[in-house]
Structures are given as structure tokens and as C-alpha cells.
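My plan is to pick a few spots, look them up and jot down what I find.

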Amino acid sequence: MKSRPGWETAYAIMAGGFAPFAEEYLFRGLVCRTLCKLWCEWKAALGSAAFFAIYHPPLAWLPVALLGFANCMLFKRSKRLAPAVLLHMTYNTVVVTLS
């Protein structure tokens, strides 16, 4: 990425600004909500977290699964996607900043 000017900025904007909205809508708004109709809340959170983790690179599976579980529980408790999106944005911003 360093060989192309502006790519780091573009990646940071995508990871910190846009991806959390799409991923939270998909994995919490659709997957977690559907699994909650089929399973109890904690099993649905684990299932949603697993699907979310597999969607990412293998090296990130554990931290991303933990984020997914936390976001599913936030979504279920608040009944809103906004807290999950904000936590996801924070996570991605920290990861991009530290990498």
C-alpha cells in the first residue's frame, strides 16, 4: 500500500468509516436477528460472531469473533445497530492506526 499515494488514507476511510455500517447491518441486523429467532440469545451471538470471523482473514479470527460477540450483545440489549457500529468503527480505527 505504501507504494501508491493515498491508498493508506483510502483504506483507513473504508475500514473505519464505511465497512462497519455494512458489516453490522449484515451480521447483526440480519444474521444475529435471524439466529435469535431460532436459538437462544447467547448461541445466536456465538453463531453470528463465528460467521463474522470467518468473513475476515484467519489471523484476525479470534479478535474479530470477540468483537462480533460483543456487538451482537450490544445490539440485543440496545435494540439498535448504532452502538455496534460505533464499537466496530473504534476497533477498525485502532487496528488500522496500529498496523
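**Entry 1: a histidine to start with.** I began with His88, which lies in helix H4 (residues 82-98). I take helices as DSSP runs of H or I with at least four residues, and strands as E runs of at least two, numbered from the N terminus. Before going on, I noted that this is a predicted model, where local features need pLDDT of at least 70 and side-chain atom pairs count only at pLDDT 80 or more, while totals for chains, interfaces and linings use all residues. Residues are numbered from 1 along each chain as its sequence is written, and side-chain values use heavy atoms, with hydrogens and water left out.

Is His88 buried or exposed? His88 has a relative accessibility of 1%, so I put it down as buried. My cut-offs are under 20% relative accessible area for buried, over 50% for exposed and partly exposed in between, with a 1.4 Å probe and protein chains only.

Which residues does His88 touch? Leaving out residues up to four places away in sequence, I listed Pro20, Glu23, Glu24, Phe52, Leu67 and Asn71. Contact here means heavy atoms within 4.5 Å.

**Entry 2: over to a valine.** I went to Val64 next, in helix H3 (residues 61-78). Val64 sits 24 residues from His88 in sequence, and their C-alpha atoms are 9.6 Å apart. Val64 is buried too, with 4% relative accessible area. Setting aside neighbours within four places in sequence, I found Val64 in contact with Phe52, Ala53, His56 and Tyr91. Phe52 is on this list and also on the one for His88.

**Entry 3: the pair H1 and H2.** I then checked how helix H1 (residues 7-38) packs on helix H2 (residues 41-54): the angle is about 145 degrees and the axes are 9 Å apart. Axes are lines fitted to C-alpha atoms, for helices over the stretch in contact, and the angle runs from 0 to 180 degrees between N-to-C directions. From H1, I noted Glu23, Phe27, Arg28, Val31, Cys32, Leu35 and Cys36 at the contact, meeting Glu41, Ala44, Gly47, Ser48, Phe51 and Phe52 from H2. I sorted these contact residues into eight nonpolar, two polar and three charged. For that I counted Ala, Val, Leu, Ile, Met, Phe, Trp, Tyr, Cys and Pro as nonpolar, Asp, Glu, Lys and Arg as charged, and the others, Gly among them, as polar.

Entry 4: Leu46 lies in H2, and at 44% relative accessibility I logged it as partly exposed. Lys79 is in the loop between H3 and H4. Its phi is positive, about 60 degrees, although Lys79 is not a glycine. Lys79 counts as exposed, with 68% relative accessibility.

**Entry 5: stepping back.** I counted four helices and zero strands for the chain. The radius of gyration is 14 Å, close to the 13 Å from the globule rule for 99 residues, so the chain is as compact as a globular protein of that length. That radius is taken over C-alpha atoms, and the rule is 2.2 Å times the number of residues to the power 0.38. Buried residues make up 32% of the 99 residues.
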